[in-house]
Amino acid sequence: MPVLKNISTLYSCSLMGKQADIHPLHRAALVWNDSRIEWVGEESDLPAEYSSSNEVIDAGGNIVIPGLIDCHTHLCFGGWRADEYEKRLSGVSYLEIAKAGGGILSTVKETRHATEDELYIKASAMLDEMIESGVTSVECKSGYGLSTEEELKQLRVYRRLAEEKSVSIVSTFLGAHTIPPEYRDDRKAYVDLLINEMIPAVAGQKLAAFCDIFVEDSAFTIPEARRILENAKSAGLKLKVHADQLTTGGGAELAADLGAVSADHLERVSDKGIRRMQEADVVAVSLPIASLYTWQPYLNCRRLADAGVAVAVATDFNPGSAPCYDLPLAMMLACNHGRLTPAESLKGATIYAAKAIGLESITGSLETGKRADFNILAAPDINHWIYHFKRKPPIRTFASGTEIKRT
């Protein structure tokens, strides 16, 4: 079985401890068998049974971290929205663009026009570039179809990616992204469609693990969200909430009330919402690239981490408010603007990100029995890696014990 030696520092990133506890092991070694980690510890303690392995890999005195996990993306969509970028630069707000028929609805139009194969080819190419940055697990949302068949089309793309790619794909149904134009004058009918047709279809075909909803002035109200999420939960889907991004709307409290796995965005979360999330063990997902592009306030992650809420970090990759899938960039922004330390940001993009998509028992940390997902990085320590930000891939990336070859 393979043995990775000559590691200057291995950051195991166990779930134990607080946000800053990433459990470094100096002069470490890592052993795996097929897809699972067999042993991890200081190289001087390497058991004799592994010392004679003929599959020794030299880490070159570099650091090793778990595979990165992007726990919030909208990977599958038609078209782009560069014109809206120009409008926002000219002073038009995100909500103004959405109310004028742009935003999510413009992507819905393009996604409906695209074939499943076209969407797959586009999403596959972008996923390959995400993998280049050391990502080994990705959460992918629908939400640009807003009809039963169009939502299923997006989710089928994710199922194909899961079958054909070397990384893990976790799918989320986001039919409750906004109200589609054909239901503009009958919101209740669309909510009924979500509950009576779309959720049963998604759950029946096992196309998603989660149901998400955008709770916002331009999307869904708290009563609507509660009804949709309760039905999704009854259908066997785990819950997520787009919460308190543009207004303080009570989304964090709703996520806690319903036992959601995560509440995402949270730039305008209330103190009560933070307290309720901590009590209910809801993961907060910080999405700083969205703030970078929309000029909205960054989430103060410090408030949540100091309150005992686990803070994950993700890209929110989508064609409008966060058209960038560089997770290390998001980690740096979570430090510079969210006030996390590099260690806290690393935990946020590994084990806490895994927890945000229900994979914390499988991946996200380098521990015996976990999946052998890891990166070898050319940096003296994690502080330097995040501080000296540069668009350079890891030296080597392994997913389920198999090296991902660079193109």
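User: Which residues does the UniProt annotation "binding site" cover?

Analyst: In this predicted model, the annotation, which comes from an unreviewed UniProt entry, covers His72, His74, His242 and Asp316. These residues span 245 residues in sequence, yet no two of their C-alpha atoms are more than 12.4 Å apart, so they gather at one spot. Among them, His74, His242 and Asp316 belong to the lining of the largest cavity.

User: Is His72 buried or exposed, and where is His72 found?

Analyst: Buried means under 20% relative accessible area, and His72, at 0%, therefore counts as buried. His72 sits in the loop between strand 6 (68-70) and helix 2 (82-89), and its contacts beyond four places in sequence include His242, Asp264 and Asp316.

User: Where is Asp316 found, and what does Asp316 touch?

Analyst: Asp316 is in the loop between strand 13 (311-313) and helix 13 (327-336), and is buried with a relative accessible area of 2%. Leaving aside residues up to four places away in sequence, Asp316 touches His72, His74, His265, Leu287, Ala290, Ser321 and Ala322.

User: How many residues has the largest nonpolar core, and why does this core lie between domain 1 and domain 2?

Analyst: In soluble globular proteins, nonpolar side chains tend to be buried together. Here the largest nonpolar core has 107 residues, with Leu75 and Phe220 having the most contacts inside it, and helix 7 (residues 187-204) gives the most to this core, with 9 residues. Because domain 1 (3-67 + 366-404) and domain 2 (68-356) both give residues to this core, it lies between them. Apart from this core lies another, of 17 residues, including Ile69 and Phe210.

Conventions:
Residues are numbered from 1 along each chain as its sequence is written. This is a predicted model: local features need pLDDT of at least 70, side-chain atom pairs count only at pLDDT 80 or more; totals for chains, interfaces and linings use all residues. Side-chain values use heavy atoms; hydrogens and water are left out. A nonpolar core is a set of buried Ala, Val, Leu, Ile, Met, Phe, Trp, Tyr and Cys residues joined through side-chain atoms within 4.5 Å. Buried means under 20% relative accessible area, exposed over 50%, partly exposed in between (1.4 Å probe, protein chains only). Helices (H or I, at least four residues) and strands (E, at least two) are DSSP runs, numbered from the N terminus. Domain bounds come from an automatic or database domain assignment. UniProt positions are given in the numbering used here, feature names are shortened, and annotations may be inferred rather than shown by experiment. On a 1 Å grid over the protein atoms alone, a cavity is a set of points where a 1.4 Å probe fits but cannot get out, and a pocket is an open set with protein on both sides within 12 Å along at least five of seven lines; lining residues have an atom within 4 Å of a point. Contact means heavy atoms within 4.5 Å.
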